[in-house]
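Visitor: I have a model open and would like to learn how to read it. Where do we begin?

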Amino acid sequence: MTVPREIAQPTGDKTAAQFSVSPSTFQSPISSSSFMASALAHRSAPKQLKPFNTEDVKILLLENVNQTGQDILRAQGYQVEFLKTSLPEDQLIEKIKDVHVIGIRSKTKLTANVLREAKNLLVVGCFCIGTNQVDLDYAAQHGIAVFNSPFANSRSVAELVIAEIITLARQLGDRSNEMHRGTWNKVSAKCWEIRGKTLGIVGYGHIGSQLSVLAEAMGMTVIYYDVVTLMAIGTARQVPTLDDLLAEADFVTLHVPETPETKNMISNDQFEKMKTGSYLINASRGTVVDIPALIKASRSGKIAGAALDVFPNEPAANGDYFTNDLNQWGEDLRGLSNIILTPHIGGSTEEAQRAIGVEVADALVRYINQGVTTGSVNVPEVTMRSLTLDEPNHARVIYIHRNVPGVLRKVNEILAEHNVDKQISDSKGDLAYLMADVSDVKQDDIKNIRDSLDSLSSRILTRILY
């Protein structure tokens, strides 16, 4: 399907003339079937919308967003500025003032303090799984939709965890480091096959469930713990408590979001409940594991190894920054035996980043051009079919408002002067999102509708696409 782009008004538009079926436009006879095909194509093609009273859409992409995402956004004619790194807060505030769209990954922090300065911001694209780096409540209450990519890198993370399980079980990291130093140390003591071992998955979501399938295929027994009851895949088994999982698993792997409830969910008490000689893997969020407690458990021999891909504080850019200045326990952690440390690369594969680029960029285009919020994490999910080229004098009204009584009546009073072809509304807590397609409207009508909606006390944001 052709994606909407910003174009000139339909009057005198070359595209409109190209699709005209007036007999005067044909220079040579055509068959009736060709004529019908042309007419059907005209009728089904989506109308290309643009924001009313808005200049070119300005987009800021940070943290080396994949080329696929950049290409999709530039193909729309948007003004795209691309930076390879995140920005300190003061620089971010200066950059974000004029943009309509910002694309980030996990390092950029869009706090209320930053978003407060983003006067034109319509939407945030998180080119990653997590959205905890964005103040979602503040964004929603100011009409800023947030999109992410919850599925695209699941396989990459799951494969990394499988690799780390084998690496820990065979002490491959230590043996490799020894060989690099010129030491030949061929040993089999405390090196294991993973076949027949028990993998305990904490968080049985998109990553955890894929990991379950891979682990079973390699002969592991899989148990999992989640705060909700979930259907097991294969022969995996859900256990009732985290303590039950820790007591039974040979390998414990964490796949949970960063919330107050998950902060230091693996600490001294939990390490004591793990099997002696077991292993811990964290590829979720850095705050989930109490690192000093892990260092203690490793030095005492309670755990035989660990793999960490995430950390409480992570550098904003590549370089020699993983030191005690960043985390005070950095040197102690690096000095442990059989410890795998990776720089948050769980989803960093070519395949995952390409898929994320496409998924998030497509969501941003749909939102900018059509107002569709499907997949948003902080505003109601609303979708409506595209306007078509058969509807040249139509406009799409988008009204984001506080969810209070009487709003729909007041909105419909404003729209009553026009023909409303279709309308949909949904709410999420204190926030509501309304879309309506209005026909036979002119420029002055659009301005009057916008001004009238802007005057309502319930208004958060008004957008009109035409």
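Visitor: At what angle do helix 15 and helix 16 pack, and how far apart are their axes?

Guide: The general idea comes first. Two packed helices are described by the angle between their axes and the distance between the axes. Now the case here, in what is a predicted model. Helix 15 covers residues 407-415, and helix 16 covers residues 443-454. They pack at about 160 degrees, with their axes 10 Å apart. An angle over 145 counts as roughly antiparallel, and helix 15 and helix 16 are therefore roughly antiparallel to each other. Their crossing is right-handed.

Visitor: Which residues make that contact between helix 15 and helix 16?

Guide: Helix 15 brings Val411, Ile414 and Leu415. Helix 16 brings Ile449, Ser452 and Leu453. By type, the residues of this contact are five nonpolar, one polar and no charged.

Visitor: At what angle do helix 3 and helix 14 cross?

Guide: The crossing angle is roughly 25 degrees, and the axes come within 7 Å. Angles under 35 degrees count as roughly parallel, so helix 3 is roughly parallel to helix 14. The crossing is right-handed.

Visitor: Which residues of helix 3 and helix 14 are in contact?

Guide: On helix 3, they are Thr68, Gly69, Ile72 and Leu73. On helix 14, they are Gln353, Arg354, Gly357, Val358, Ala361, Asp362, Leu364 and Val365. The contact divides into six nonpolar, four polar and two charged residues.

Visitor: How should I read the spacing of contact residues along a helix?

Guide: An α-helix has 3.6 residues a turn, so residues three or four places apart point the same way. Keep that in mind for the next pair.

Visitor: How do helix 7 and helix 9 cross?

Guide: Helix 7 is residues 154-169, and its axis comes within 9 Å of the axis of helix 9. The two cross at roughly 50 degrees. That makes helix 7 oblique to helix 9. Helix 7 passes helix 9 in a right-handed crossing. Ser154, Arg155, Val157, Ala158, Glu159, Val161 and Ile162 are the helix 7 side of the contact. His206, Ile207, Gln210, Leu211, Leu214 and Ala215 are the helix 9 side. The tally is eight nonpolar, three polar and two charged.

Visitor: Where is Ser209, and is it buried or exposed?

Guide: Ser209 lies in helix 9. Its relative accessible area is 15%, so Ser209 is buried. Setting aside neighbours within four places in sequence, Ser209 touches Tyr204 and Ile233. Ser209 and Ala236 are 27 residues apart in sequence, with their C-alpha atoms 9.3 Å apart in space.

Visitor: What about Gly205: where is it found?

Guide: Gly205 sits in the loop between strand 6 (198-202) and helix 9 (206-217). With 36% relative accessible area, Gly205 is partly exposed. From Gly205 to Leu230 is 25 residues in sequence and 8.9 Å in space, C-alpha to C-alpha.

Visitor: Which residues of helix 12 are buried, and what covers them?

Guide: Helix 12 runs over residues 291-300. Its buried residues are Ile291, Ala293, Leu294, Ile295, Ala297 and Ser298. Their cover includes helix 11 (268-273), strand 10 (278-282), strand 11 (303-308), helix 13 (330-334) and strand 12 (339-341). Gly301 follows helix 12 and has a positive phi, near 85 degrees.

Visitor: Which phi values do Glu63 and Asn64 have?

Guide: Glu63 has a positive phi of about 65 degrees, although Glu63 is not a glycine. Asn64, also a residue other than glycine, has a positive phi near 60 degrees. Glu63 is in the loop between strand 1 (58-61) and helix 3 (67-75). Asn64 is in the loop between strand 1 and helix 3 as well.

Visitor: Now the whole protein. How many helices and strands are there?

Guide: There are 16 helices and 16 strands. The protein has 466 residues, of which 49% count as buried.

Visitor: What share of the contacts joins residues 24 or more positions apart?

Guide: Take the contacts with a separation of 6 or more. Residues 24 or more positions apart account for 65% of them.

Definitions and conventions. Residues are numbered from 1 along each chain as its sequence is written. This is a predicted model: local features need pLDDT of at least 70, side-chain atom pairs count only at pLDDT 80 or more; totals for chains, interfaces and linings use all residues. Side-chain values use heavy atoms; hydrogens and water are left out. Axes are lines fitted to C-alpha atoms, for helices over the stretch in contact, and angles run from 0 to 180 degrees between N-to-C directions. Helices (H or I, at least four residues) and strands (E, at least two) are DSSP runs, numbered from the N terminus. Angles under 35 degrees count as roughly parallel, over 145 as roughly antiparallel, 65 to 115 as roughly perpendicular and the rest as oblique. A crossing is left-handed if the near helix is turned anticlockwise from the far one by less than a right angle, and right-handed if clockwise. Contact means heavy atoms within 4.5 Å. Ala, Val, Leu, Ile, Met, Phe, Trp, Tyr, Cys and Pro count as nonpolar, Asp, Glu, Lys and Arg as charged, and the others, Gly among them, as polar. Buried means under 20% relative accessible area, exposed over 50%, partly exposed in between (1.4 Å probe, protein chains only).
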